[in-house]
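Colleague: Could you take me through the model, starting with how the chains meet?

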Amino acid sequence: MPYGALEEIIVLDLSDRLAASFCAKTLGLYGCEVVKVEPLSGDPLRKWTNSNPGNQSGDSPLFLHLNAGKKSITINLDDPKGQSILAALMKVCDVVVETQKPGHLDKIGLAYNQIKKSNPSIIFTSITPYGQTGPYKNFHYDELTLFAMTGAMYREGLPDREPLRYSGEIAQYFAGNAAAAATTAALFKRTLTGHGDWLDISIQECMAGHPHQIGRRSPFIYAGEPDPRSQPRTSASGAREPYAVGTFRCKDGYFSFLPLGPRMWPNIAKMINREDLMADPKYNDTIKRSENRENLEAIFQAWVDDKTREEIFQAVQAAGVPGSPILQPEEVHKNEQFQARGFFQNVDHPNGQTLRMTGDPFRFSNAPTSSIKAAPKLSQNTNEVLRKLLELSDDQIEILAMENII
Amino acid sequence: MNSEVSQPLSSIRALELSEIWAGPFCGCLLGDMGAEVIKIESIQRIGRGPINPPANAGGYPNADPGKEPWNRQSNFNAINRNKKSLTLDLKTRQGLNSFKDLVSQSDVVFCNYSRTVMENFGLSYEQVRKIKPDIIYMLMPGYGNDGPYANYRSMGMAIDAITGHSFLRGYPDRDHSSNSLVHHPDAVAAINGVMALASALVYRAKTGKGQFIDLSQAESFMTHLGEIYLENQMTSSIRTRRGNRHPDFAPQGVYKCSGDDNWIAISIKTDEEWSELKTIIADDTLEDTDLDSVETRLQNHDHLDNVINEWTSTLDRYDALALLQAANISSGVVIDCGADSYADPHLNERDFFQIVDHPAAGLYPMSGPIFKFESDQGRITHNPAPCLGQDNEHILEELLGYSRDTINKFETEEIVGTVPLPGSDMGGSRRVAKQRE
């Protein structure tokens, strides 16, 4: 029987925001048992958006994605009895993923430094917008406002317009994924030493420390070079072939190209059936091709114009030029590559709907690929988890439920 | 139990064969967490920018490429902290054997070149595991290691396109040809690479088994877009480009502040936030009680944007931020990757910048690391990126036990070196070989 890489690890997921919830989900994909602890009213992300599907459970697409495969228990943490149940769970679990305001868990006696006395090997992963310390630690945030404060937004968009966020909840997913990676590294150390740890993950820092941001900050600090928003094609540096960089309209949509380096010029000229241009003195070195960029871009656009995305995709691969079609989201799961690899999995949901859901971000040859399961209904696993982890009797559980603790 | 292990990955040696972003950032994070990361480079083909850049080339300390531009390139130095550098010509028998000797003393090998590069060197997983049966070996090509696109070339921008993210990106009133060239998926592949290697190390500790890791950059990024694919199946409305707005909440946007290219992002989600915003801005047209309903605010978003812009345009962005945060409104100033970042009081308070003394580039405050472990007392050291081949002698002599004579011979035969060969930056080893002929 194959063995999940992170099997036998119990994760308590106390999250009510995206990043921490995704951290716990990612750990779950590789074998951790993830127990999501919700307030009696449920995780607010269950109702996150009004664009609600009319799904019987009423849960949002975001919730269904973030919580696939988790177990759900409810505990009233405003009640001291509820807090003591959570404390008991923390004693027997391996990882806690939490996203409370810095200092909140200390007040109710459930912070890392308090719990580690009874469970020294516990790993606490705290994921907050700005981390546990510093002047912004209590700032109100969402994806838009946090993304602004990372350095990523300033460079996104056109020079005469307002800066833009990326689509999707990119910063929060990135930080949640990074937190899962760091948590796993801490788990590895724990297998050698038996010691736990406390991780302070700041979403701002993850995105500010992203390769694009650090790669822009270094020319500034080395030589004072600014990096303002610019027109996408003119911004191509001399290291690129600027007339063929970026996104072009084609017969049935758009196609993105990113050829790197002058060594791509012969490949491009051949691809567009214009090898004659290679001998043309207007285009025979990088500087001239940059100077005559607009002419070349028009030639390139004319080649793109009457071709479909699929035709261009075949051509770029034959020519060795990096590029891909822009797919619409509903086209993605039908793409032949993702189908051939079985990346999307059919998952049956309680309302009878079968949804195609994303699978594993990476695969192991020795440990099994996960089978994606539906997100739990609210409190679906309360009894089972309390029986198994805390050895509570059915009577004890019933009393707690009557007292509105669980 | 070994209590001397101080950082999460201090006991681990990893060999990195990578350039650009995905592989190098993965190695950088492994190094941050204590792994000994040896970057395998060669003087026959370097990925550190041009060997002879023009004098006005950007990205060098004091705008001077210097005598060793490959050791002073800003991008390379930013993303290769906490690593060693060993150069090896893997196309020679001796170079390849040295790599194999090194594999036998390593835990991890990872590569972000095209899928066939390692195979062509004779270093496929099947071949490498014969040397070290429990090796953890990861390839991270754009579309994964099998399927019809297995050999397709890709870059982050291609992944952004094929996953659907590019389709949703940009200003709603512009077409996709104005999409920016900035692409995020390489970095996602990097952090998933760290997650994959760390999970495989846990698995190895429990079972004694290594493995092959197949990381598709596209699939790893698609897990960050999961709800978008579900919306398409669960709702009849198809998501379109939103810019800075949200379909359910208003107002949301990025607004102009006083000064040149200064902006603040403001996000109103609840009625309480709206009420607070009205109080701060104190504009008569916002007092219309119809605007207390989010539906009306969504319908009148352009008007609200005008009023907010008028209010912010006379304010310093940090003053606006202080007012909004004091009123419990989600808000953030748009900081650049230059002076704003370095002046950010919060990043500074948290020691995000560390002064790094690079032997060829000099003394500068550099960004990151991004993880804080309590066991490190919240501080992870940022060691400078390695100079090309700087650890050749140490690795060959101390680690592999090669004699002084052998190392000298390697240097003479250009199997190792610290200076790139002519042409090694322009199409790589084929061109070098051609010049030798």
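Modeller: Two strands pair if DSSP finds at least two bridges between them, and strands (E, at least two residues) and helices (H or I, at least four) are DSSP runs, numbered from the N terminus. This is a predicted model, in which local features need pLDDT of at least 70 and side-chain atom pairs count only at pLDDT 80 or more, while totals for chains, interfaces and linings use all residues. Residues are numbered from 1 along each chain as its sequence is written, with chains lettered from A and ligands numbered from 1 in the order in which they are written.

Colleague: Which strand of chain B is joined to strand S12 of chain A?

Modeller: One of the bridge partners is Ile213(B), which faces Phe364(A) across the bridge. Two bridges join S12(A) (residues 363-364), in antiparallel fashion, to residues 211-214 of chain B, namely strand S6(B).

Colleague: Which helix gives the largest share of the side of chain A that touches chain B?

Modeller: Counting residues as in contact if their C-beta atoms, placed from the backbone, lie within 7 Å, the contact takes 137 residues from chain B and 128 from chain A. The largest share of chain A's side, 17 residues, comes from residues 170-193, helix H7(A).

Colleague: Why do the buried residues of H10(B) line one face of the helix?

Modeller: A residue is buried if 20 or more other C-beta atoms lie within 10 Å of its own, exposed if 12 or fewer, and partly exposed in between, with C-beta atoms placed from the backbone. In H10(B) (residues 271-281), Glu273(B), Trp274(B) and Leu277(B) are buried. They line one face because, by the directions from the helix axis to the C-beta atoms, they fall within an arc of 100°.

Conventions:
Two residues are in contact if their C-beta atoms, placed from the backbone, lie within 7 Å.
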